[in-house]
Amino acid sequence: MALLLRVYINPKLIRKVKLTKIPESVEQLKDELREKLELEEDQRCLLVDAMKKKGKDIELISEKMDLTFSLRRKEIVQLEPMVLEIQERWPALFLEEQICEEFCRITTKDLIGNFRAALDKYAPRLLKLYRARKGAFSQDMDNLLEKLDEQTSNIEMHRRRTSLEGLPIFVRENSRKLFLTCLVTDPEDERTKGVKMGILTVLSDDAPTSLPTVVNIAIVLEEAIVLTDLPDLPTAFAYLFGLLYALNMEFPKEHKYTFEAIQHIFMELSTSCSQRVRSLKTKLLL
């Protein structure tokens with residue numbers, strides 16, 4: 001006869017433990033609970049050790065991440081630790097492969113595949129909307145579209161990037177607080193100061209202003225760079241969205257509609273949405 005127990009580790013952390021048979025004594029119960037709970041913690045410690053190695057065994061890391069998913073989700077959801085605390089206890093969670101895996105564990109969706117397919121589908125429609133209604137927005141939309149029109153190579157890549165950069169503007173949010181830029185010569189601590197969540201593009205300071213060279217693209221959470229050397233802004237946006245799910249973080253109030261649009265329209269993860277996002281979806285489907 002199986003026995004399912006709820007173990008109160010502390011006021012914020014409750015663990016479910018399944019025993020295959022009823023213990024014969026309280027002491028035996030304690031021993032079995034200790035063994036069950038320590039097993040997952042042992043796996044977590046092995047994960048941390050695996051991440052310290054120069055040549056990382058990605059297959060081993062993935063296996064241990066699968067085994068410790070329950071422990072990790074309970075910690076993150078119930079304790080609500082800071083991002084730096086999660087990095088310390090679960091460093092593998094910030095690997096690109098594991099962001100995708102964790103997103104799939106939570107939602108059963110392919111993070112990068114679904115995001116790119118949706119972006120390819122909606123980018124032309126978004127750009128058409130931006131151009132049709134650019135007079136209704138701030139100068140930021142004009143500047144964004146003018147910059148796109150100046151491009152002479154990698155046009156499709158620039159169109160995808162612009163469609164995302166214009167999304168906050170279209171839903172009446174501040175794009176500059178989400179899509180951040182700095183020069184490679186700027187002091188490192190100044191780049192992320194006061195940034196709760198964003199994508200940071202680091203530019204070379206020896207190139208023309210109209211065509212700056214991108215040195216690096218990184219993700220910032222709680223004033224810390226958590227992922228760097230990303231190939232392009234759309235990929236960075238997808239990983240940022242995946243991290244919000246992996247870390248159980250709420251959408252920031254100042255970009256609520258931007259992320260809701262990605263969640264509801266791009267990733268099809270919610271059945272309900274705000275009137276503002278519903279209106280955008282209707283326009284995209286016309």
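Tutor: Let us begin with exposure: buried means under 20% relative accessible area, exposed over 50%, and partly exposed in between (1.4 Å probe, protein chains only). This is a predicted model, in which local features need pLDDT of at least 70 and side-chain atom pairs count only at pLDDT 80 or more, while totals for chains, interfaces and linings use all residues. Residues are numbered from 1 along each chain as its sequence is written, and side-chain values use heavy atoms, with hydrogens and water left out.

Student: Why is E254 called partly exposed?

Tutor: E254 has 42% relative accessibility, which falls between 20% and 50%, so it counts as partly exposed. K177, at 44%, is partly exposed as well.

Student: What makes E254 and K177 a salt bridge?

Tutor: The term asks for a side-chain nitrogen of Lys or Arg within 4 Å of a carboxyl oxygen of Asp or Glu. Here the N to O distance is 3.9 Å, so the pair qualifies. E254 sits in the loop between α11 and α12, and K177 in the loop between α9 and β3 (179–183), so the bridge ties together parts 77 residues apart in sequence.

Student: How do you know that E41 and R89 form a salt bridge, and where do they lie?

Tutor: Their closest N and O atoms are 3.4 Å apart, which meets the cut-off. E41 belongs to helix α1 and R89 to helix α4 (residues 83–89), 48 residues apart; helices are DSSP runs of H or I with at least four residues, strands are runs of E with at least two, and both are numbered from the N terminus. E41, R44, E75 and R89 are linked in a network of salt bridges, and the whole structure has 12 such bridges.

Student: What makes α12 a mostly covered helix?

Tutor: Of the 11 residues in α12 (256–266), 10 are buried, among them F259, I262 and F266. The cover includes α6 (111–132), α8 (155–165), β4 (197–203) and α11 (233–246).

Student: How is α11 oriented relative to α12, and how do you know?

Tutor: Two packed helices are described by the angle between their axes and the distance between the axes. The axes are lines fitted to C-alpha atoms, for helices over the stretch in contact, with angles from 0 to 180 degrees between N-to-C directions. For α11 and α12 the axes come within 12 Å and cross at roughly 90°. Under 35 degrees counts as roughly parallel, over 145 as roughly antiparallel, 65 to 115 as roughly perpendicular and the rest as oblique, so α11 is roughly perpendicular to α12. Contact means heavy atoms within 4.5 Å, and the residues making it include F237 and L240 of α11 and T258 and F259 of α12. They divide into 7 nonpolar, 2 polar and no charged; Ala, Val, Leu, Ile, Met, Phe, Trp, Tyr, Cys and Pro count as nonpolar, Asp, Glu, Lys and Arg as charged, and the others, Gly among them, as polar.
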